[in-house]
Amino acid sequence: MTIPFLNLKSPYIELKEELDAAYQRVMESGWYILGNEVEAFESEFAAYCEAKHCVGVGNGLEALHLIVRAYEIGPGDEVIVPANTYIATWLAVTHAGATPVPVEPDERTFNIDPVRIEQAITPRTKAIMVVHLYGQTADMDPINALAWKHGLKVIEDCAQAHGARYKFRRAGSLGDAAGFSFYPGKNLGAVGDGGAVTTNDPDLAERIRVLRNYGSQMKYHNKVVGYNSRLDELQAALLRVKLTRLDEWNGRRRTNASVYLDSLQGIQDLILPVIPEWAEPVWHLFVVRYHLRDDLQKHLTSAEVGSLIHYPIPPHLSKAYMNDGFNNLKFPITEHLAHTVLSLPMGPHMENGQVDQVSSVLTSFMSAE
Ligand SMILES: *Cc1c(COP(=O)(O)O)cnc(C)c1O
């Protein structure tokens, strides 16, 4: 590919000296699990997210799962989730033994439609898990109001939204608790798996700390049936370096997005991302919609431009959820999005002119159609 979808080596090239120094610091410390680096990262990331507490965990799925467990949501309980999301959101609920209850998105923003949430609430509903898909937050005020009215927890899936803002407030502090992923391709990415929970609730933070470490606060004194899900020292040290660049890198994503938006506007039938006035997205992905999506993708591939589909199979149609009867449910908006979305190259390390190049490949396809 002349223009790859994403280049994961570029962050290392840009920050080589600092990352190498962090690596050496950890190697020479002789301390690799739950130490100073994780503690420092937790307080730095909490501050960044404008949240009181942060707990580092093994990955994004575990972050969400441990939140559900910590709220003692389990068998017989329901959690409202977006129908249109990556399957990890649902898995976090399923792993806790609770039932995901999918709600359709607002087609323009891809995110859960607050207007449709209330009719999905039952006496068994315990929480609403929102996803800030592609880096733009869900519409949180009406969602928090509904949760308050019905006594529900609000859990944010922030795996794609490090640094995003809703009405000037950061993702990770917009609900009761939030789960982050530091999978390498995310806006803040490790060189392996990693995740974190942020919250303003000190009791919840403490319960997550216990759950991530075998259910023990004091070694060999196990209070609950816990897990082994810890962010390790090396990943934390590397993430601390990258966190200092997150705003700058998100800024470069924003610049790329506005170049795309300028050069692609007005192309017939090509639907561009919509940004509500209260949103400050961080453009984890730049997703367009087109009715002949597969043809468009083939054209990009033949022009050596990388692109991906997020996501081709919605969770309710995946084999994993076949036995629960989800396959028979109909979520027409979600299914329509799965057939029409296409993610264009996006990231803080795209070279000068690459966004323009992608745009002109797209424009040439459209005028040939
Ligand atoms: C990446 C992602 C996750 C899971 O994160 P992992 O660290 O890979 O477990 C959860 N939800 C969404 C929306 C994601 O994009």
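How many nonpolar, polar and charged residues are in the lining of the largest pocket? The lining has 16 nonpolar, nine polar and four charged residues, where Ala, Val, Leu, Ile, Met, Phe, Trp, Tyr, Cys and Pro count as nonpolar, Asp, Glu, Lys and Arg as charged, and the others, Gly among them, as polar.

This is a predicted model, in which local features need pLDDT of at least 70 and side-chain atom pairs pLDDT 80 or more, while totals for chains, interfaces and linings use all residues. Residues are numbered from 1 along each chain as its sequence is written, and side-chain values use heavy atoms, with hydrogens and water left out.

**View 1. The largest pocket and its lining.** A pocket is found on a 1 Å grid over the protein atoms alone, as an open set of points where a 1.4 Å probe fits, with protein on both sides within 12 Å along at least five of seven lines; lining residues have an atom within 4 Å of a point. The volume of the largest pocket is about 640 Å³, counted as the space filled by probe spheres set on the points, which are joined across faces, edges and corners. Its lining comprises 29 residues, and Tyr 86, Gln 160, Tyr 183, Lys 186 and Tyr 311 lie nearest the centre. Helix 3 (60-70) and helix 4 (87-95) are the elements that give two or more residues to this lining; helices are DSSP runs (H or I, at least four residues) numbered from the N terminus.

**View 2. The ligand in the largest pocket.** The ligand takes the space of this pocket, as more than half of its atoms lie within 2 Å of the grid points. Residues around the ligand (a heavy atom within 4 Å) include Asn 59, Tyr 86, Asp 157 and Ser 181. By class, this shell has six nonpolar, four polar and two charged residues.

View 3. A backbone N or O atom of Leu 61 is 2.9 Å from a ligand oxygen atom. The protein covers 90% of the 380 Å² of accessible area that the ligand has on its own (Shrake-Rupley method, 1.4 Å probe).

**View 4. The second largest pocket.** This pocket has a volume of about 510 Å³. Among its 33 lining residues, Asn 7, Leu 8, Ser 10, Pro 11 and Tyr 12 are the closest to the centre. Helix 1 (10-29), helix 8 (233-243) and helix 9 (246-264) each give two or more residues, and helix 1 gives the most, with six.

How values were computed
Polar contact = N/O pair within 3.5 Å; in protein donor to acceptor, adjacent residues only side chain to side chain.
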